[in-house]
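Look at the sequence and the structure first, then read the sections in order.

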Amino acid sequence: MKVGDRIRMALRSFLQIEPANSQTFHIQEVLDWQGNAIKNRLWYRGDASELNDFYHQVGDRSTHMFWASVPTRGLEVRKIHTGIPKEIIETLSGLVVADMNDFDFPEAEKQDLWETIAKENRLRTLVTRALNGCMVVGDGAFKVSLDPEVSQLPILEWVDGDRVEFEQRRGRVREVVFTSHYPGGYALREHYGFGYVKYHLFHGETEVPVTALEATAQLQDVAFDPSFSLAVPFHIKESSKWPGRGQSFFEGKTDSFDALDEAWSQWVHAMRDVRPKTYIPSSLIPRDEETGRLLRPNAFDNQFIAAGDNVAEGGKNEITIQQAEFYAEQYNATYMTALDLALQGLISPSTLGIDTKKLDNAEAQREKEKTTLYTRQNLIDALTDALRQLVDVTFKAYATMTGGTLEDTEVDISFGEYANPSFEAVVETLSNPNTPMSIQAKVNELWGDAKDETWKAEEVKRIKAEQGLVELEEPSVGTAFGGANSEGQGRPEGVSNVLEGVPEAVEGGQ
């Protein structure tokens, strides 16, 4: 055995690695799905008193948070909510819905019908509620209802995830359960599955007939074609804590929102502490003209502190004003750091109008909007798939309602661009002859969805004509040299055949 082998054998015998003992960790969640949804909804509502009450009831594990802390008596601090979470959600949903174009259908009949359905159901408002609900709660579902007493068309509704349950099988949603609460402790559970809608009314934990409540007395179970369901689930992100559910945009951000509120509240508190303080000698305090009594200071227009008279030799009674130094730059740096952490990964500060320099050019502005562009694209991708399913289900519901034929519906849903260059900048770029694009590609890039395909085709022809690029029809083989075509025609008069007079055969190869 060689020396190296002996060394390796000795090391192998010496290093005896034992596997780690298995351990059990007990981690208790502070909130379940419903509690987490309530917490996120309170952050979206933006009421400081509601946040304060909620975190005081959560438990001891959140006492270190700003909203759960209880100030010492006599040292109370004003707790201020900045409202940033609500601004994030509403700004993102506004960017998507504002750029949503009209839906395009291959058939004109479906186009007219959908426009009527969308107008009656206020589609843009419905989509806005759906986006807000998904970003705040995490998920939800569209519900298509048929009620001839209300409308002769399908009724589209949106229900947030805190009132929706999903029954899944092998990762696919097979049934959606909507829960509605009524006065008196009643709860209606609507089961929307493939080919059926079933209603169950509960009073507390006991199921009672739907006729027990006047508001639900007319509801009846419905059965239809099992190829589709009248509920369309919708979520943007997959939850990492609750499998099968969507994830809120506030997940992992509530601590940052709490720190942001604390930074701003501390700033306001410090600003109050450094207010100017006016010290007035007793002999100089204003007195009442009628009674001669000293006037009490007014907190709004006459705030001062009474001081004793200066009785020292050579002393003078003077009014003095003192004010502590306010470190505004340090407070501003703390606030901006907390704000960056709160917005990180969700939206760009410039989108909310924060720290946007007016001297920046268009390219610099678009660079600042990159985070917003990424988030907006994720919203559009998820929303487009959900809306296509909603359109298909809506037409199938209408066909079921009117006794028509069930068929799949294809629809084209497009969105406009955001933070794109100005029209003048695009024209300047595309007019450069060195731009490696064809005329047709330049026209499509310039006008996009603003013009239809017919107009853009005519525009391409006009540009080519102005540049002297005229397309001619390619001549056929039979008429290339004036020869007759297959019908023996095609030779113009006065044109002789170039081959006339040429011997059929030249002897000697000449």
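## The sheet

Strand β1 (residues 139-145) pairs with β9 in the antiparallel sense over 5 bridges. Two strands count as paired if DSSP finds at least two bridges between them, and helices (H or I, at least four residues) and strands (E, at least two) are DSSP runs numbered from the N terminus. The model is predicted: local features need pLDDT of at least 70, side-chain atom pairs count only at pLDDT 80 or more, and totals for chains, interfaces and linings use all residues. Residues are numbered from 1 along each chain as its sequence is written, and side-chain values use heavy atoms, with hydrogens and water left out.

The open sheet has 3 strands in the order β2-β1-β9, with antiparallel pairing. Its edge strands, β2 (155-160) and β9, each pair on one side only. From one strand to the next, the twist averages 20°.

## Helices on the sheet

Helix α6 (residues 123-136) packs on the sheet and touches β1, β2 and β9; its direction makes about 20° with that of β2. Helix α10 (residues 370-402) also packs on the sheet, touching β1, β2 and β9, and its direction makes about 175° with that of β9. For these angles, axes are lines fitted to C-alpha atoms, for helices over the stretch in contact, and angles run from 0 to 180 degrees between N-to-C directions. Contact means heavy atoms within 4.5 Å.

Threonine 372 lies in helix α10. Is threonine 372 buried or exposed? At 0% relative accessibility, threonine 372 counts as buried; the cut-offs are under 20% relative accessible area for buried, over 50% for exposed, and partly exposed in between (1.4 Å probe, protein chains only). Apart from neighbours within four places in sequence, threonine 372 is in contact with Leu92, Leu95, Ile347, Ser348, Thr351 and Tyr418.

## Helix α7

The 20 residues of α7 should span 28 Å at 1.5 Å a residue, and its end C-alpha atoms are 29 Å apart, which agrees. The expected span is 1.5 Å times one less than the number of residues.

Among the buried residues of α7 are Phe257, Leu260, Trp267 and Val268. The cover over the buried residues of α7 includes α2, α3 (48-58), α4 and α8 (328-343).

## Aromatic rings

Rings of Phe, Tyr and Trp (its six-membered ring) pair if their centres lie within 6.5 Å; planes under 30 degrees apart count as stacked, over 60 as edge-to-face and the rest as tilted. By this rule there are 18 aromatic pairs. The rings of tryptophan 33 and tryptophan 242 have centres 5.8 Å apart and planes at 75°, so this pair is edge-to-face. It links distant parts of the chain, 209 residues apart: tryptophan 33 is in helix α2 (residues 33-45), and tryptophan 242 is in the loop between β9 (231-235) and α7 (254-273). Tryptophan 33 is buried, with a relative accessible area of 11%, and tryptophan 242 is buried at 13%. Phenylalanine 103 and tryptophan 114 form a stacked pair, 5.6 Å centre to centre with 10° between the planes. Both phenylalanine 103 and tryptophan 114 are buried.

Ring pairs also link Trp43, Phe54, Tyr55, Phe250 and Phe257 into a cluster.

## Charges over rings

The charged end of lysine 143 sits over the ring of phenylalanine 178, 5.1 Å from its centre. The charged end of arginine 462 sits over the ring of tryptophan 455, 5.7 Å from its centre. The rule requires NZ of Lys or CZ of Arg within 6 Å of the ring centre and within 35 degrees of the ring normal.
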